[in-house]
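Here's a friendly walk through one protein model, for anyone seeing it for the first time. Have a look at the picture, then read on.

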Amino acid sequence: MKYDVIVLGAGAAGLMAASIAGQAGARVLLLDHADKAGKKILISGGGRCNFTNMRTGPECFLSENPHFSKSALARYTQWDFLALVERYGIAWHEKTLGQLFCDGSARQIVAMLLEECARGGVDIRLSTQIGEIGHGDGLFRVAGATAAKLVIATGGPSIPKMGATGIAYQIAQRFGLTVVPPRPALVPLTLGPDAQAFRDISGVSSPITARVGTASFTEAGLFTHRGLSGPAILQVSSYWTPGEPVVLTLVDNALEVLREARRRAPRTRLRSALSEHLPNRLAEVLSARIGLAKELGNSSDADLERAAGYLSQLTFHPTGTEGFAKAEVTVGGISTEALSSRTMEAKNLPGLYVIGEAVDVTGWLGGYNFQWAWSSGWAAGTAIAEGLGG
């Protein structure tokens, strides 16, 4: 069974690469051990698929080489994918921070990609174990098929209940590519007993600014029975390493807010003042922690400055993350040093390509990782197409 290219992984990146190469005339075999194509697409965005982000740019991605993503992102943009979505008549809407979602269902995106593959005559085999991969005489051998080109699009180990594994890294090392140690990203953080009061208000959410090092995100934060979650926390989790503090700003311009509360209602106490800006249960925990029991009218400037400092720089020292089981994506992966940023082809082994989450390129929360899948898949599919006559 001879093909021009074998694509491993029928997720976002694999479907894109297969459809592009197939429509250019390549004989494509797409393999996946799962029983459905696009499983992660189907659960994304609450079932509506946050399929890209209007604000996509290379600054929205983490990698040991921050420049690597520039070429693919510039050559296949969010506008290009949106044009494909609109060509299929899929209704969409923009939510906060440039996030685009289907009005209907994520199934529409998967159906679109499968139709694109069908138009390219792609042979899709699901529920198929990859097994041993052979290479010799310029051909790759996988699951009884051969091809001159092989695309690794098997993703990372995040969300193992969906069938995710680290097989991409095993294949990469088999062919001499280095791997940046993977770790969970876009993942909730866990807190220890010293933060029990905050764990006890599980379910409370509030707008915050979360910071890890120089990375800072202003979105919703959520206190959980295990620690911290919500979009702002998921964002900074990608930058967090063990031992680093996570700093939260709960009230903007906190000192001015407290001074105004003292001027306006001198008989009020801190908890009541905070309840005007924060959920009641959070205000209660914070006022107890700060320990300012006096009426604000009897509180000195130094008292208010101390309270404001706590509200502006509430510092946690996470004990860890909730791991790959709860991580939306993976930081790290197959090193970009081994790959061409234009074609996604391995420098040391012509014919081998790596795309999507398997690569050491990780986007922010909000559709960025899907855009990387589309862009990197397009880059590899196009490069394969360009080489068909050669």
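This is a predicted model: local features need pLDDT of at least 70, side-chain atom pairs count only at pLDDT 80 or more; totals for chains, interfaces and linings use all residues.

Now to a pair of helices. H1 (residues 12-23) packs against H5 (residues 107-119) at an angle of about 30 degrees, and their axes are 7 Å apart. That angle makes H1 roughly parallel to H5, since angles under 35 degrees count that way. The crossing of H1 past H5 is left-handed.

Who does the touching? On the H1 side, the contact is made by Leu-15, Ala-18, Ser-19 and Gln-23, while H5 brings Leu-113, Leu-114, Glu-116, Cys-117 and Arg-119. Sorted by class, this contact of H1 with H5 has five nonpolar, two polar and two charged residues.

Next, the sheet. Seven strands form an open sheet with antiparallel pairing, in the order S17-S16-S13-S14-S15-S12-S18. S17 and S18 stand at the edges with a single partner strand each, so one side of each has no neighbour in the sheet.

Here are some of the strands with their residue ranges:

| Strand | Residues |
|---|---|
| S13 | 205-212 |
| S16 | 246-249 |
| S17 | 314-316 |
| S18 | 320-321 |

S16 and S17 run antiparallel and are joined by three bridges. Val-246, for one, has Phe-316 in S17 as its bridge partner.

A helix belongs in this picture as well: H12 (residues 301-312) lies across S13, S16 and S17, running at about 120 degrees to S16.

Conventions. Residues are numbered from 1 along each chain as its sequence is written. Side-chain values use heavy atoms; hydrogens and water are left out. Two strands pair if DSSP finds at least two bridges between them. Helices (H or I, at least four residues) and strands (E, at least two) are DSSP runs, numbered from the N terminus. Contact means heavy atoms within 4.5 Å. Axes are lines fitted to C-alpha atoms, for helices over the stretch in contact, and angles run from 0 to 180 degrees between N-to-C directions. Angles under 35 degrees count as roughly parallel, over 145 as roughly antiparallel, 65 to 115 as roughly perpendicular and the rest as oblique. A crossing is left-handed if the near helix is turned anticlockwise from the far one by less than a right angle, and right-handed if clockwise. Ala, Val, Leu, Ile, Met, Phe, Trp, Tyr, Cys and Pro count as nonpolar, Asp, Glu, Lys and Arg as charged, and the others, Gly among them, as polar.
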